[in-house]
Amino acid sequence: MQEGPVNTPAHLHAVPIGGSPIADMEIVARCRRGDSHAWRTLYDRFAPVVYRFLSAFGVPLEDREDACQEVFVAVYRSLGHFRGEARLSTWIYRIAARHASRTARRRRVRSLLSTLLVREPPPPPAPDPSERSERLQILDDLVSKLSPKKRLVLVLFEIEGVPIEEVAKIAGCPENTAWSRLHYARAELTAMARRRIR
Amino acid sequence: LNERSWPGTSGSDPAEVFLRRALDDAALRAPDDVTLRRGWTAVAEPVKPSRARSWSWFAGGVATTAALALVCGLWLWPRAVATFALTSPVTTPRAPAQVAPGARRLTLEGGVEAQLGPSGVMRIEDGAPRVEKGEVRFSVPHRPPGHPFVVRADDYSVVVVGTRFGVVVNDQVVGVDVDEGIVEVRQTAAQRRLARLSPGQVWHSADASVETSGAPAPEPPAPALPVSPAVSAPASAPEPGHVHVRIHDHRQAARPAARALALATPGGGSATAGRAAITSTPAGLSTASDESANAARSALSAGDAPRALQIYRALALKTGPAAENAAYQAGKVQNERLGQPANAVATWRRYRAEYPDGILRVEADVSIIETLARAGDADDALGEANDFLRRHPDSERRAEIARLAGDLYRARGDCRHAVGAYQIVLGASRPRDVVEIASFRRAACLVRLGDAGGSEAARAYLRTYPTGRFRTEAAALVGDGARSVDGRARPQ
C-alpha cells in the first residue's frame with residue numbers, strides 16, 4: 001500500500017472541502033433555477049465555514065453575523081458568474097475574504113468617525129472566561145497583527161486546511177508567493193506568541 | 001514547509017504548544033445553531049442575481065455619492081435614526097414588492113419590511129422601531145427563538161415572531177391590526193399583556209377593545225404543558241395554545257379608525273401565517289416558547305431532569321426552530337442526565353424522522369453513533385457510522401466518526417475494515433489528535449494483518465509526528481513489522 005506523509009496539502013487535495021466540482025456545479029445550477037432546497041443546502045454546507053473563516057480572519061464578534069449574511073447575499077447575487085473553473089469553496093472563500101477586508105475597512109472608518117465626532121464606540125461584548133476562549137482571543141489578536149496578505153494565507157492554510165494551490169487562487173498570487181507568505185506569517189506568529197507568552 | 005507539522009509538537013516550546021492548541025481551537029470554531037438559523041432567516045430569500053451591468057458604473061457612482069451623503073447626514077442625526085438607516089441595507093435580501101402610492105418601504109434588520117404611510121413617522125430606539133405618528137405596516141419573517149420582533153407605540157409594545165400587521169398612532173391613540181399570524185399588545189412599562197390578536201382583529205388603546213371583523217376569535221388559552229410524554233405531533237395537528245382564525249378582509253367592516261390602518265397588503269410578502277410561536281422580548285417580556293426553553297434550562301440547573309424532559313417534549317410538539325431544538329435536547333437530557341441511552345437514541349431517531357434536513361441533523365447522527373458505541377452496541381453503531389460517512393461527505397465531524405468506526409472494527413478484530421476507516425480520517429486535516437491516533441492505529445492494524453505496508457505506515461507516522469505520543473510504539477512497529485503490537489501499543 002502506498003504511503004506518504006499524512007496531512008500534507010497534497011493529501012488534503014484529494015478531499016475537497018466543498019465536495020466534488022460536479023456536485024458544486026449541480027448545486028449552483030439548481031440555485032440559479034430558483035431551487036430553494038439547493039440554496040438551503042449550499043447555506044448549510046458553507047455557513048459554518050464562512051463564519052469560521054471570518055472569525056479567524058479577524059472580523060469582530062459583533063460584526064461577524066452581519067458579515068456572514070452579506071457574504072451569502074453576495075454569493076447569491078454572483079451565482080450567475082460562477083463558471084465552475086474553481087471549486088465552489090474556493091470561490092466562496094474569495095468572496096468571504098473580500099467582505100472581511102471590507103468589514104475591516106468599514107470598522108476603521110467607523111472608529112475614525114467616532115473619534116472625530118467624539119462618539120463612544122459600542123462596547124465590545126463581554127469576554128468569555130473559558131480557557132479555550134482566552135486562547136482564541138489571543139490567537140485572534142496575534143493574527144490580526146499580521147499583514148492582510150499573510151493573514152489570509154495563514155488562516156486558509158493553517159485553520160481552514162485549504163491546499164496551497166487553492167490558497168494561491170483565493171489570494172490571487174502564484175503558489176510560490178503563497179508559500180513564501182505562509183513561511184513569513186508562521187515565523188511572525190511564532191515570534192509574537194513567544195513574546196506574548198513570556 | 002510543505003507539511004502541516006507546524007507548529008512543532010516537541011512540547012518544549014510553550015509558544016508552539018500554545019499555537020498548536022489555539023489553531024486547533026480555531027479550526028473547530030463554529031457558530032451556534034441559533035446564529036445559523038438567524039442567518040438563514042436573513043438570506044433565505046435573497047435578492048435576484050444581478051442583471052446586465054451596462055449602467056453599473058454610472059449607477060454605482062450615483063449610489064456611492066448618495067450613500068456618502070446619507071451616511072454623513074445620519075452621523076449628524078440623532079443616534080436612533082442612524083441605527084435604523086445603517087442596518088437596513090445590510091440585511092435586505094428581500095424580493096421587491098408593490099408599494100402603495102405615497103407609502104415608503106423600508107427593510108429592517110432580520111428582513112422585516114416596514115411600509116410607512118404618507119404621514120407615518122418611525123424611529124429606532126434601542127434597536128426596536130417606535131411608531132411616532134401615522135401608520136406603519138410590518139411584514140415580519142419567522143424569527144429565531146428568543147428574538148421576537150417588537151414595535152413600540154406610545155406606552156405599548158407589539159410583540160411578534162412572524163406575521164403581517166399594522167400599527168397606527170393618531171392623537172395619542174394607538175391601533176394595531178393583524179393580517180396574518182398572532183401578535184400580542186403589551187403595556188411597555190408594566191410588561192402586562194393587554195391583548196392577543198389573531199388575523200382580522202383590531203385593538204385600540206382608547207378603549208382597550210378588541211374588535212373582530214370576521215368570525216369571532218376567542219382568546220386563546222394559555223399554552224399548557226401536556227402531562228403525558230409525547231412523540232412529535234403530525235404536521236397537520238393544530239398547534240397547542242394557538243387559535244386558528246380564518247383570515248378575513250377586515251378592512252370592509254372595520255370602524256373608521258381601523259379602516260385607516262388598512263393599507264394595501266404588501267404584495268409578495270413572505271410572512272408565515274398562523275403558526276408563529278411567540279417567544280420573548282429583549283426587554284424581558286416573555287412568552288410561551290422562550291418561557292418553556294428557559295424553564296427547561298432552569299430545571300436542568302436545579303437538577304430536575306425529568307421536569308426538563310417534560311418541558312422539552314411539550315415544546316417539541318410545536319413547530320419552528322424552538323421545537324426542533326427541543327426535539328433534539330430531549331434526547332440529550334435522557335442520555336446525559338437520566339442515564340437512558342436507549343431512550344435517547346429513540347428520541348434522536350424521532351428527531352431525524354421529523355427533521356430529515358434539520359440543522360441539528362449532523363449533531364443527532366453523531367449523538368446516536370457515540371451513544372450506541374458507549375452502550376456497547378457495536379453493530380448498530382457501525383451501521384450508523386457507515387451511514388453517516390456515506391451521507392455526510394463534507395461534514396467536519398467525519399474524521400471523528402471514521403476514527404470511532406475504526407476503533408469499533410479494531411475492537412472486534414476486523415483490522416481490514418479498521419484500516420479503511422482510519423484511511424478516511426487521514427483525509428481530514430482536523431482535529432489533529434484524531435488524525436494522529438488514526439495514523440498510528442492504521443499502522444498497527446496493517447502490521448497485525450501482516451501487510452507489507454505496515455512498517456512504512458509506522459515510518460510515515462514517525463515522519464509526520466516525530467515527537468508524537470505513540471512514537472515508541474511506532475518505532476517498535478517499524479522494527480518488528482510482522483509482529484502484532486496491538487496489545488501493548490494500544491494507547492487508549
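Let's start with a strand pair in chain B. Strand β1, residues 104–107, pairs with strand β2, residues 113–116, and the sense is antiparallel. There are four bridges between these two strands of chain B. One of them you can find quickly: R104(B) has L116(B) as its bridge partner in β2(B). Keep in mind that this is a predicted model.

Now look at the turn. β1(B) and β2(B) make a hairpin, with five residues between them. G110(B) sits in that turn, and its phi is positive, about 85°.

That one is a glycine. Most residues other than glycine have a negative phi. D154(B) is not a glycine, yet its phi is positive, about 55°. Where is D154(B)? Go to the loop between β5 (149–153) and β6 (156–160) of chain B. Is D154(B) buried, partly exposed or exposed? Its relative accessible area is 27%. Buried would need under 20%, and exposed over 50%. So D154(B) counts as partly exposed.

Stepping back to chain B as a whole. It has 17 helices and twelve strands. The chain runs to 492 residues, and 51% of them count as buried. On contacts, take the pairs in chain B that are at least 6 apart in sequence. Of those contacts, 51% join residues at least 24 apart. On surface, chain B exposes about 21,400 Å². Carbon and sulfur atoms supply 54% of that area.

Over to chain A, and a helix pair. Helix α7 covers residues 148–159, and helix α9 covers residues 175–197. Their axes come within 8 Å and cross at roughly 90°. How do we class that angle? The range for roughly perpendicular is 65 to 115 degrees, so α7(A) and α9(A) are roughly perpendicular to each other. Which residues make the contact? From α7(A), we have K149(A), K150(A), V153(A), L154(A), F157(A) and E158(A). The α9(A) side includes W179(A), L182(A), Y184(A), R186(A) and L189(A). By type, the residues of this contact between α7(A) and α9(A) split into nine nonpolar and six charged, with no polar ones.

Last stop, P60(A). This proline lies in the loop between α3 (36–57) and α4 (61–78) of chain A. Is P60(A) buried or exposed? The relative accessible area of P60(A) is 18%. The cut-off for buried is under 20%, so P60(A) is buried. Then check A104(A). P60(A) and A104(A) are 44 residues apart along the chain, and their C-alpha atoms are separated by 8.9 Å.

Note on methods
Residues are numbered from 1 along each chain as its sequence is written. Chains are lettered from A and ligands numbered from 1 in the order in which they are written. This is a predicted model: local features need pLDDT of at least 70, side-chain atom pairs count only at pLDDT 80 or more; totals for chains, interfaces and linings use all residues. Side-chain values use heavy atoms; hydrogens and water are left out. Buried means under 20% relative accessible area, exposed over 50%, partly exposed in between (1.4 Å probe, protein chains only). Two strands pair if DSSP finds at least two bridges between them. Contact means heavy atoms within 4.5 Å. Accessible areas come from the Shrake-Rupley method with a 1.4 Å probe; for residues, only the protein chains shown count as cover. Axes are lines fitted to C-alpha atoms, for helices over the stretch in contact, and angles run from 0 to 180 degrees between N-to-C directions. Angles under 35 degrees count as roughly parallel, over 145 as roughly antiparallel, 65 to 115 as roughly perpendicular and the rest as oblique. Ala, Val, Leu, Ile, Met, Phe, Trp, Tyr, Cys and Pro count as nonpolar, Asp, Glu, Lys and Arg as charged, and the others, Gly among them, as polar.
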